[in-house]
Amino acid sequence: MQTQDNPYNLYNPEAKVEFSQKQLREILAAQPLSPLTVKNYLADINHLVSWYEAEFKKPFAPGDLTSQMLDLFREYLASNNHSTRTINRHFSSIRTLFKIF
């Protein structure tokens, strides 16, 4: 995958991002974040993972995400009546995921 196809992995385009829920929770808890922020990040990332696996019929692989896939996820959220604020929060969570890894 080329870096320009995945703007959310510009922080370390060579990184292979793999994690378990437990690992992600521990990493987020170590950040200077409130417990509510950690809870929201985990929920938003879980939402992305669930959508990805249903949409592409394969296990979630963060390194495979492209800007086109993220556009589809945004459209999915909008078509399911999520507010602009909620959609923006989801994408903030996704950006944070890639900043950490």
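The following questions and answers concern a predicted model of one protein chain. Residues are numbered from 1 along each chain as its sequence is written. Local features need pLDDT of at least 70 and side-chain atom pairs count only at pLDDT 80 or more, while totals for chains, interfaces and linings use all residues; side-chain values use heavy atoms, with hydrogens and water left out.

Q: In what order do the elements of the protein chain run from the N terminus on?
A: Helices (H or I, at least four residues) and strands (E, at least two) are DSSP runs, numbered from the N terminus. The protein chain has four helices and zero strands. From the N terminus on, the order is α-α-α-α.

Q: What percentage of the residues of the protein chain count as buried?
A: A residue is buried at under 20% relative accessible area, exposed at over 50%, and partly exposed in between (1.4 Å probe, protein chains only). The protein chain has 101 residues, and the buried share of them is 34%.

Q: Is α3 roughly parallel or roughly antiparallel to α4?
A: The axes of α3 (residues 67–79) and α4 (residues 84–100) come within 10 Å and cross at roughly 150°. Axes are lines fitted to C-alpha atoms, for helices over the stretch in contact, and angles run from 0 to 180 degrees between N-to-C directions. Angles under 35 degrees count as roughly parallel, over 145 as roughly antiparallel, 65 to 115 as roughly perpendicular and the rest as oblique. The crossing therefore makes α3, relative to α4, roughly antiparallel.

Q: How many residues of the contact of α3 with α4 are nonpolar?
A: Contact means heavy atoms within 4.5 Å. Helix α3 contributes Leu70, Phe73, Arg74, Leu77 and Ala78, and α4 contributes Ile87, Asn88, His90, Phe91 and Ile94. Ala, Val, Leu, Ile, Met, Phe, Trp, Tyr, Cys and Pro count as nonpolar, Asp, Glu, Lys and Arg as charged, and the others, Gly among them, as polar. The contact residues divide into one charged, two polar and, as nonpolar, seven.

Q: What is the phi of Lys57?
A: Most residues other than glycine have a negative phi. Lys57 lies in the loop between α2 (35–56) and α3, and is exposed, with a relative accessible area of 71%. Although Lys57 is not a glycine, its phi is positive, at about 55°.

Q: Which loop holds Asn81?
A: Asn81 has a positive phi of about 60° although it is not a glycine. At 72% relative accessibility, Asn81 counts as exposed. Its place is the loop between α3 and α4.
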